[in-house]
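Subject: Structure for you to look at

Hello,

Here is the structure I promised to pass on. Please open it first, then read my notes below.

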Amino acid sequence: MKIGVVMGSTSDWGVMKAATETLAQFGVESETKVLSAHRTPAELEKWVSGLRERDFAAVIAAAGGAAHLAGVVAAFTTLPVIAVPIKGKTLDGLDSLLSMVQMPSGIPVATVAIDGAKNAALLAIEMLAITDASLKEKMDEFRRKQAEKVLASTLD
């Protein structure tokens, strides 16, 4: 199973690179696109509507400003969609966050923190790990190492 990663602009790549790197770290294949809900809606619909047939399990969608991308992606598929609000020049990304979490009933979009691309990838990996024992083991190891790091920390 693969994860689709889509962002509304190349300017989002600085944040979204963390999602693709995290997926790769766990051995999860991904496909990354720059498609706009407003400027390339036909191309977005074509890409999203073919994901299930191409063995994709979820989509991570990032956008700033009005942040419609994740909602539009969710309208075109029943695959899980994880939204990443991107911090913008105005309102520090709060506008994007609120746009993403206020999806209408019946079209769900999971939303992570502003610029939370790594957590979006981890959430997608956890979804895959429900049925993939190897990914579950990798996630368990990841969590164990996180705990060890915290427990080994000291205050100077």
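**Salt bridges and a helix pair**

E141 has a relative accessible area of 30%, so E141 is partly exposed. Keep in mind that this is a predicted model.

Which residue does E141 meet in a salt bridge with K145's side chain? The partners are the side chains of K145 and E141 themselves, at 3.9 Å from N to O. The cut-off for a salt bridge is 4 Å, so this pair counts. Both residues sit in helix α6, 4 residues apart, so about one helical turn separates K145 from E141. E141 and K145 also belong to a network of salt bridges, together with R144 and E148.

Next, look at D140 and K136. Their side chains form a salt bridge at 2.6 Å, N to O. These two are also in helix α6, and being 4 residues apart puts about one helical turn between them. D140 is partly exposed, with 41% relative accessibility. K136 is partly exposed too, at 45%.

The side chains of E126 and R143 meet in a salt bridge, at 2.5 Å from N to O. E126 is in helix α5, while R143 is in helix α6 (residues 133–152), so the bridge ties together parts 17 residues apart in sequence. E126 is partly exposed, at 29% relative accessibility. R143 has a relative accessible area of 47% and is partly exposed.

How many salt bridges are there by this rule? The count is 6.

**How α1 meets α5**

Helix α5 has another partner to check. Two packed helices are described by the angle between their axes and the distance between the axes. Helix α1 covers residues 13–25, and helix α5 covers residues 117–129. Their axes come within 7 Å and cross at roughly 30°. Angles under 35 degrees count as roughly parallel, so α1 is roughly parallel to α5. The crossing of α1 past α5 is right-handed.

Which residues in α1 and α5 meet? From α1 come V15, M16, A18, A19, T22 and L23. From α5 come A117, K118, A121, L122 and I125. Sorted by class, this contact has 9 nonpolar residues, 1 polar and 1 charged.

Start with the E126 and R143 pair on screen. Then turn to the contact of α1 with α5.

Best wishes

How values were computed. Residues are numbered from 1 along each chain as its sequence is written. This is a predicted model: local features need pLDDT of at least 70, side-chain atom pairs count only at pLDDT 80 or more; totals for chains, interfaces and linings use all residues. Side-chain values use heavy atoms; hydrogens and water are left out. Axes are lines fitted to C-alpha atoms, for helices over the stretch in contact, and angles run from 0 to 180 degrees between N-to-C directions. Angles under 35 degrees count as roughly parallel, over 145 as roughly antiparallel, 65 to 115 as roughly perpendicular and the rest as oblique. A crossing is left-handed if the near helix is turned anticlockwise from the far one by less than a right angle, and right-handed if clockwise. Contact means heavy atoms within 4.5 Å. Ala, Val, Leu, Ile, Met, Phe, Trp, Tyr, Cys and Pro count as nonpolar, Asp, Glu, Lys and Arg as charged, and the others, Gly among them, as polar. Buried means under 20% relative accessible area, exposed over 50%, partly exposed in between (1.4 Å probe, protein chains only).
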